[in-house]
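Please look over the sequence and the model shown here before reading the notes below.

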Amino acid sequence: MNSSWYPGSKKNCHCHDKKPIEIYMFIDPLCPECWALEPIIKKLRIEYGKYFSIKHVLSGRLANLNLSSKKNYENIAKVWEKTASRSGMSCDGSLWLENPVDAPYNVSIALKAAELQGRRAGIRFLRRMQEELFLEKQNISNLTVLLECAKSAGLDIEEFINDMHSESAAKAFQCDLQITTEMDVTEIPTLVFFNENVEDEGVKITGTYPYEVYVQILEEMLSVKPVKTPPPPLEAFLKFFKFVASKEIAVVYNMPISHIEKEMKKLLLKQVVEQVPAKYGTFWRYIED
């Protein structure tokens with residue numbers, strides 16, 4: 001599998017430029033439930049990515065944190081720990097007691113600025129912010145941390161800085177908040193599936209469900225039965241995503257974590273990856289040539 005593989009790649013499918021389904025994914029970068037959904041979204045993108053595109057919409061729910069309340073921070077820390085132990089996607093709640101995010105608005109504006117460089121750039125930047133936040137316990141509303149995320153996501157830094165202070169990013173965020181209100185989204189994550197027929201209502205799914213539920217919605221909304229694309233060889237997957245949890249690999253390849261850890265240890269010995277222990281579970285970083 002060559003290095004240009006990516007989920008939903010046109011090389012992997014006979015698809016038109018416009019995909020038949022668009023998924024509006026309502027998120028907040030500070031939300032552990034959105035982070036916990038990552039394994040399912042990866043699997044969906046790999047197996048059925050030729051049929052849909054994802055538009056991230058910021059709900060702004062966490063942008064209004066009561067920043068003066070220590071009790072609020074303690075509650076958020078507890079929610080993070082619970083979500084991590086339940087989902088297998090590690091997040092360290094002690095961030096809120098040691099290095100809390102003190103300007104959530106900056107985080108939303110930064111994501112909108114990144115998206116001005118393209119949808120894929122936005123996805124890479126969001127992922128880097130989540131890694132810094134949930135695993136490295138970094139205050140991602142800090143400009144220095146945001147610039148590091150932008151660099152490692154391969155963004156044009158000068159453009160990113162300009163866009164962060166531009167009206168375009170602020171307007172894009174306001175537009176997201178308007179869509180959230182119009183679609184009556186009150187919880188995150190929420191996914192709303194739309195097909196090509198503008199007359200049809202979207203199908204809204206709030207919270208996190210088993211993978212099969214999302215596939216079933218896709219099948220019901222498409223006029224043809226979707227053909228599943230098998231996942232790529234493990235090394236191609238790692239090369240593309242660069243940094244993944246054992247949990248994400250286990251979900252994508254439909255294997256128990258114990259089996260995945262054995263396979264990853266073989267790649268560790270071959271120096272294909274390095275192991276990154278987290279508070280809950282393990283992450284793996286692909287070693288670039």
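The briefing below goes from the whole chain to single residues.

This is a predicted model, in which local features need pLDDT of at least 70 and side-chain atom pairs count only at pLDDT 80 or more, while totals for chains, interfaces and linings use all residues. Residues are numbered from 1 along each chain as its sequence is written, and side-chain values use heavy atoms, with hydrogens and water left out. The chain has 13 helices and seven strands, where helices (H or I, at least four residues) and strands (E, at least two) are DSSP runs numbered from the N terminus.

**Overall form**

- A compact globule of 289 residues would have a radius of gyration near 19 Å, and the chain agrees with this because its own value is 19 Å; the radius is taken over C-alpha atoms, and the globule rule is 2.2 Å times the number of residues to the power 0.38.
- Taken along the principal axes, the C-alpha atoms fill a box of roughly 55 × 50 × 40 Å.
- Of the 289 residues, 50% count as buried, a term that means under 20% relative accessible area, with exposed meaning over 50% and partly exposed in between (1.4 Å probe, protein chains only).
- Among contacts between residues at least 6 apart in sequence, 70% join residues at least 24 apart, and contact here means heavy atoms within 4.5 Å.

**Surface and charge**

- The chain exposes about 14,300 Å², of which carbon and sulfur atoms supply 51%; accessible areas come from the Shrake-Rupley method with a 1.4 Å probe, and for residues only the protein chains shown count as cover.
- The mean positions of the 36 positive and 39 negative charges are 5 Å apart, with Lys and Arg counted as positive, Asp and Glu as negative, and His and the chain ends not counted.
- For these positions, the place of a charge is taken as NZ of Lys, CZ of Arg, CG of Asp or CD of Glu.

**Confidence**

- The mean pLDDT of the chain is 91, and 91% of its residues reach 70 or more; pLDDT is the predictor's confidence in each residue, from 0 to 100.
- Over residues 1-6, however, the pLDDT is below 50, and this stretch has 16 contacts in the model beyond near neighbours in sequence.
- Residues 9-16 also have pLDDT under 50, and the model gives them 12 contacts beyond four places in sequence.

**Backbone features in loops**

- Ile 188 and Pro 189 are joined by a cis peptide bond with an omega of about -5 degrees, and Pro 189 lies in the loop between α9 (167-182) and β3 (190-194).
- Lys 137, although not a glycine, has a positive phi of about 55 degrees; its loop runs between α6 (119-134) and α7 (143-152), and Lys 137 counts as partly exposed because its relative accessibility is 22%.
- Lys 242, likewise not a glycine, has a positive phi of about 70 degrees and is placed in the loop between α11 (234-241) and β5 (243-245), where its relative accessibility of 41% makes it partly exposed.

**Charged residues and their surroundings**

- Lys 112, in helix α5 (residues 104-115), counts as buried because its relative accessibility is 3%.
- Not counting residues up to four places away in sequence, Lys 112 touches His 56, Leu 58, Ala 169, Ala 172, Phe 173 and Asp 176.
- Asp 92 lies in the loop between α3 (70-87) and α4 (95-98) and is buried, with a relative accessible area of 12%.
- Leaving aside neighbours within four places in sequence, Asp 92 is in contact with Trp 80, Glu 81, Phe 134, Lys 137 and Lys 279.
- Arg 119 belongs to helix α6 and counts as partly exposed at 43% relative accessibility; beyond its neighbours within four places in sequence, Arg 119 is in contact with Glu 22, Ser 53, Ile 54 and Lys 55.
- Arg 119 and Ile 54 are 65 residues apart in sequence and 8.7 Å apart in space, C-alpha to C-alpha.

**A helix residue, Ile 157**

- Ile 157 is found in helix α8 (residues 157-164), and at 22% relative accessibility it counts as partly exposed.
- Apart from residues up to four places away in sequence, Ile 157 touches Leu 147, Ala 150 and Lys 151.
- From C-alpha to C-alpha, Ile 157 and Ile 249 are 31 Å apart in space and 92 residues apart in sequence.
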